[in-house]
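Look at the sequence and the model below, then read on.

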Amino acid sequence: MPATLFDKIWAKHAILTRPDGATLLHVGRHLVHDGSSQAFRTLADQGLTVRRPDRTFATADHYVATTAQGGARSLDDIAVPERRHLVEALAANTAKAGIAHFGLNDLRQGIVHIVGPEQGITQPGLLMVCGDSHTATHGALGALAFGIGSSEVAHVLATQTLWQSKPRSMRISVDGRLAEGVTAKDVILAIIAQIGAAGGTGHVIEYAGSAIRSLSAEGRMTVCNMSIEAGARAGMVAPDETTFAYLSGRPYAPKGALWDKAVAAWKELPTDPDAVFDTEVSVDATAIVPMVTWGTSPEDAVPITGRVPDPDRAPAERREAMRRKLDYMGLTPGEALDGVKVDRVFIGSCTNGRIEDLRAAAAVARGRKATIPAMVVPGSGLVRAQAEAEGLDRVFRDAGFEWRYAGCSMCVGMNGDTVAPGQRSASTSNRNFVGRQGPGARTHLVSPAMAAAAAVTGRFTDVRRLTGG
Amino acid sequence: MKPFRSLDAVAAPMGTPNIDTDQIIPARYLWRSKADGYGMHLFQDLRFAADGTPREEFVLNQPAYANAGIIVAGRNFGCGSSREAAVWALSDYGVRCVIAPSFGDIFYNNSFKNGLLPIVLPPERVAALLAALDRKQDVRIEIDLQAQTVTGPGGTVDHFEVDPFRKQLLLEGMDDIAFTLRHTEQMAAFETEYDRAAPWLAVPG
């Protein structure tokens, strides 16, 4: 029977299926971070040990400082003891269990969803989980990857399995050529605006179509990363030559004869031509322009050429919620988004903290000056090192942007990097929720190029005007 | 885990769609351990002003909905971050059931692990319950998990669907790690075959 990419990976990891449909799934690889201490505590309380430390990988990201007092960043840079203890606990828990850990003094440290692909830990055909909602990022390389809660992390640590009922499948076909200046971030924001923040609920999404095929592996990560923002369990892209070229030579990728064997297996994964999806969505890539969000849900995304929507013209049942959002965001109905004044800029996160993102932002910042506070937080120590080797740190510093150390930082503010109440933030992150970047913070989601454009003009600006695109 | 069989409690209406887990429990409290308790910070920024005084207009601060044990919510409740502390905060506060047209996927899964029952009802039925609760006259809802029914104000009865396996775990208050470990033999046999088929996953060390 013809099968989808998702069907094939699901079947390869199903240990048993109960008559009621609950399936016990084997977890191929498990990623943990510094928000995992409750899960390790649960394990210890029950007298259990980690079943497959060799299939578990850890790095600290949520609570780490992105600044250094001395020459290099250390634990001491985490000023709040409770946060420091969580980073220390990860080091201790992983050492005790024999889990590979990329800690603060390791160049490989970074945001868990940047580190997995970068190290080649993420591979096609794997079922992967992590106690973080942006785990779908790894689906960009053809893995089935999804976020889980703390109890499920404990369950995976103890058993290397998870109980799931099979979600429905959705294919989102994005066809056509993306216009100059339109990026993967604009594609996923346009998709979420089209299907809604609950549009993918109960589904695993496969992103397909010529526009997805033409994206780089990193661009596909940006798209898959925000699948959760459309409500989906996971998002994935079929592995192809782009995937294999990305993985080749990475530290945990197979080598030599094993590489050939792995690639042969990976080539069997793409969805069969006659396979049927529960839901099909199509998106016109040629119609997408640089996007910006106006509200407090990622579905509130509009083209930069658009205007703040008017509640009076919206369906009656949505008006009150829209008014509340506009009040929180400090925006006027009908106002053009291009030109709205911005207070600060954040470039980074698991959505847009990879080297290609920093290159795109630097291309706009080069030779210009930031007129508002702007910070660049590379997604990992290796991304940071690569950017420095290419001189991007100089471009950013010369333009007056802050150049930070790797971590989740201002996307979620758990390490203390927050936006002040009432401030308007142009952010390359994934969530514009009320208070997400700090109490009262007004977050607008944009691409790295659009964020850099806002930094140099102090306003939301169609980046194509600056780059001639 | 605390078993869940039935519940008769005050229900609070929160009809706004997309109430995300950042609103349920802001990220700045997540360093706390589960044992410290989270109920006092449930809906912190909706429930309290910056100086800590309760916002009178917030539904859980209104006398009619005091001691709510159920929340009736808009679509996509619990969307966003995977933080299980969102469920801990609700259950620590005393909420043991949320009824909504749809839920954030991970929040939905996390709920079952903590003895909190998430119930999906059709949007028009949730709208009717919200309207009834807004009247503040009869604000009690009764849940029967075994029978899979919601009895609303005025005696309206709705049937809901729930995954049979999760229902069983909730009814028995069973810990699922212990349950899964009953399958150790099958797990081990599966792993041997899985590792043989994908030898490139072996990490030297």
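In chain A, eight of the eight residues of helix 4 are buried, so helix 4 is largely enclosed by the rest of the structure. A residue counts as buried if 20 or more other C-beta atoms lie within 10 Å of its own, as exposed if 12 or fewer do, and as partly exposed in between, with C-beta atoms placed from the backbone. Helices (H or I, at least four residues) and strands (E, at least two) are DSSP runs, numbered from the N terminus. The buried residues of helix 4 of chain A are Val112(A), His113(A), Ile114(A), Val115(A), Gly116(A), Pro117(A), Glu118(A) and Gln119(A). Just after helix 4 of chain A comes Gly120(A), with a positive phi of about 80 degrees.

This is a predicted model, in which local features need pLDDT of at least 70 and side-chain atom pairs count only at pLDDT 80 or more, while totals for chains, interfaces and linings use all residues. Residues are numbered from 1 along each chain as its sequence is written, and chains are lettered from A and ligands numbered from 1 in the order in which they are written.

**Domains of chain A**

The domain assignment, which is automatic or from a database, divides chain A into domain 1 (1-289) and domain 2 (291-462). Their C-alpha centres lie 24 Å apart. The contact between them takes 40 residues from domain 1 of chain A and 39 residues from domain 2 of chain A. Two residues are in contact if their C-beta atoms, placed from the backbone, lie within 7 Å. On the side of domain 1 of chain A that touches domain 2 of chain A, helix 4 (112-119), helix 6 and helix 8 of chain A each supply at least two residues. Helix 6 of chain A gives the largest share of that side, six residues.

| Pair in chain A | Axes come within | Crossing angle |
|---|---|---|
| Helix 6 (residues 184-195) and helix 8 (residues 217-225) | 8 Å | roughly 25 degrees |
| Helix 2 (residues 37-45) and helix 5 | 8 Å | roughly 55 degrees |

Axes are lines fitted to C-alpha atoms, for helices over the stretch in contact, and angles run from 0 to 180 degrees between N-to-C directions. Angles under 35 degrees count as roughly parallel, over 145 as roughly antiparallel, 65 to 115 as roughly perpendicular and the rest as oblique. Helix 2 and helix 5 of chain A are therefore oblique to each other.

In the contact of helix 2 with helix 5 of chain A, Gln38(A), Ala39(A), Thr42(A) and Leu43(A) meet Ser150(A), Val153(A), Ala154(A), Leu157(A) and Ala158(A). That contact has six nonpolar, three polar and no charged residues. In the other pair, Ala184(A), Lys185(A), Val187(A) and Ile188(A) in helix 6 of chain A meet Gly219(A), Thr222(A) and Val223(A) in helix 8 of chain A. By class, this contact has four nonpolar, two polar and one charged residues.

**Chain A against chain B**

51 residues of chain A are in contact with 44 residues of chain B. Helix 5 of chain A supplies seven residues, the largest share of the side of chain A that touches chain B. That side has 21 nonpolar, 19 polar and eleven charged residues. Chain B itself has eight helices and seven strands, and buried residues make up 44% of its 205 residues.

Gly231(A) is found in the loop between helix 8 and strand 11 (234-236) of chain A. Gly231(A) is buried, with 26 other C-beta atoms within 10 Å. Beyond its neighbours within four places in sequence, Gly231(A) has contacts that include Ala197(A), Thr201(A), Asn76(B), Cys79(B) and Asp105(B).

Most residues other than glycine have a negative phi. Ser349(A), which is not a glycine, has a positive phi of about 90 degrees. Ser349(A) lies in helix 12 (residues 349-352) of chain A and is buried, with 29 other C-beta atoms within 10 Å. Asn67(B) has a positive phi near 60 degrees and lies in the loop between helix 2 (44-47) and strand 2 (70-73) of chain B. With 10 C-beta neighbours inside 10 Å, Asn67(B) counts as exposed.

Technical notes. Nonpolar A, V, L, I, M, F, W, Y, C, P; charged D, E, K, R; others polar.
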